[in-house]
Amino acid sequence: MKNIYIETITPLLRGLTFDGEKGNISIFEDDSKKLGFAIDFGNRNLSEEILPLYLKGVKNQNLLNKEQLVEKIISYTIDKFKDYIKKYKQKPRIVILENIGIFHLGESYNDAINVKNNFEDILKNIKVESEPQDCIEKKNSKITTDNNCNRSSEECRNDGKPNRNNIVKNKIAVVTGGAQGFGENIVRELTKSECLVFIADINVKGADRLAEELNIKYKRTTALAIKVDVTDEDSVSEMVYEIVKKAGGIDIFISNAGVLQAGSVKEMLFSEFTFVNKVNYFGYFLCVKHASRVMSLQNIPSKKYFTDIIQINSKSGLKGSNKNSAYAGSKFGGLGLTQSFALELIDDNIKVNSICPGNFFEGPLWADPKNGLFVQYLRTGKVPGAKTIEDVKRFYESKVPMKRGCTGEDVIKAIYYLIDQKYETGQAIPVTGGQVMLK
């Protein structure tokens with residue numbers, strides 16, 4: 001029951017605080033002692049500016065099935081939130097869920113952390129009752145004084161003038177396979193624009209290193225590492241649940257995790273073929289299944305909350321690839337999923353699109369000295385007459401009209417386009433330097 005409340009109410013709170021582009025980030029905490037003090041806090045005659053919104057459990061919940069319980073939670077939460085705004089003329093920064101936990105809401109992740117820390121200070125004062133009431137109110141005044149310009153944002157440094165950062169600023173993104181390759185490049189670009197990015201990867205150590213580097217660089221929490229195996233539904237479900245608890249929802253889900261196993265259809269093992277499809281095809285399905293549930297909840301309060309699912313596909317999803325049937329087949333299938341998901345999920349204002357990049361020659365997929373494609377293609381004889389890795393690389397560069405491989409910057413521009421526009425879904429956008437042109 002507890003998980004049902006958390007995974008339902010948290011995205012609703014993001015939707016209820018929707019400002020036209022995104023909602024507030026919320027950090028969930030289930031400290032039972034702190035919850036007890038917080039409830040006591042409700043009996044104090046403190047400033048209305050800092051009063052929490054209190055939510056109780058649904059009556060007779062044991063008599064309801066899951067769908068009925070979720071419907072009751074949704075309607076109750078929306079009604080109580082609206083009542084709070086009507087009474088206090090502001091949105092709550094603290095939401096207390098009876099017997100379950102506390103939500104701390106802020107416009108950015110660091111803002112939510114500040115709300116959490118300030119509220120903890122208040123609860124400590126309640127516990128020890130060591131300060132006069134007016135001191136407690138003054139200490140807590142920081143909770144409501146964020147004017148959106150006390151962070152190091154580009155918008156604030158430019159006197160409030162909007163710029164491209166606003167497309168993803170303070171949105172919550174997830175990038176699977178985000179610890180290396182295209183995924184790492186996407187993470188770096190999104191964090192540069194003040195997006196809160198979850199680096200989701202089976203290589204959690206690599207994700208941790210990247211998150212730490214970016215948080216130090218920007219002097220704020222802009223990246224969080226989270227472990228996931230996209231081929232395991234329990235792992236995907238747990239990832240989405242943890243993201244919701246840590247940040248409140250998902251605005252942008254970039255399904256980037258992928259593998260490639262080259263080889264002739266005459267010789268490829270069925271286990272190799274299956275593995276490629278488990279990651280590239282089934283993994284995409286599992287991620288969309290669980291992320292879309294969160295996104296649909298965010299849209300319920302306003303019916304205007306657009307979110308994005310973007311699959312990083314490949315030019316091999318647009319055109320067959322010699323001795324690369326497992327990969328190309330999985331990517332062709334991925335475009336079928338994208339079109340089908342798009343038709344279904346637009347009712348929830350979820351846009352689903354694919355980006356089909358050309359070859360990222362500098363990434364580990366191609367350049368890894370042991371298992372990269374340059375090595376694989378040299379070994380399998382895919383490039384006639386090639387004797388060295390450099391021969392293979394030059395061969396593939398020569399196939400691109402622009403005479404170079406695709407970069408992370410090329411891909412991020414397509415990502416920004418898809419997020420920014422509100423009239424396109426179910427598309428496959430080639431970013432191939434002219435190598436593949438749509439008909």
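Me: How many residues does helix α7 have, and what does the helix reach from its first C-alpha to its last?

Reply: Helices are DSSP runs of H or I with at least four residues, strands are E runs of at least two, and both are numbered from the N terminus. The expected span of a helix is 1.5 Å times one less than its number of residues. Helix α7 (residues 181-192) has twelve residues and reaches 17 Å, close to the 16 Å expected. This is a predicted model, in which local features need pLDDT of at least 70 and side-chain atom pairs pLDDT 80 or more, while totals for chains, interfaces and linings use all residues. Residues are numbered from 1 along each chain as its sequence is written, and side-chain values use heavy atoms, without hydrogens and water.

Me: Which residues in α7 are buried?

Reply: Buried means under 20% relative accessible area, exposed over 50% and partly exposed in between, with a 1.4 Å probe and protein chains only. Among those buried in α7 are F182, I186, V187 and L190.

Me: How many aromatic pairs does a search of the whole structure find?

Reply: Rings of Phe, Tyr and Trp (its six-membered ring) pair if their centres lie within 6.5 Å; planes under 30 degrees apart are stacked, over 60 edge-to-face, and the rest tilted. The search finds 13 pairs. One of them, Y284 with F341, is edge-to-face at 5.6 Å centre to centre and 75° between the planes. Y284 lies in helix α10 and F341 in helix α11, 57 residues apart, and both are buried.

Me: Why does F361 count as buried?

Reply: F361 counts as buried because its relative accessibility is 3%.
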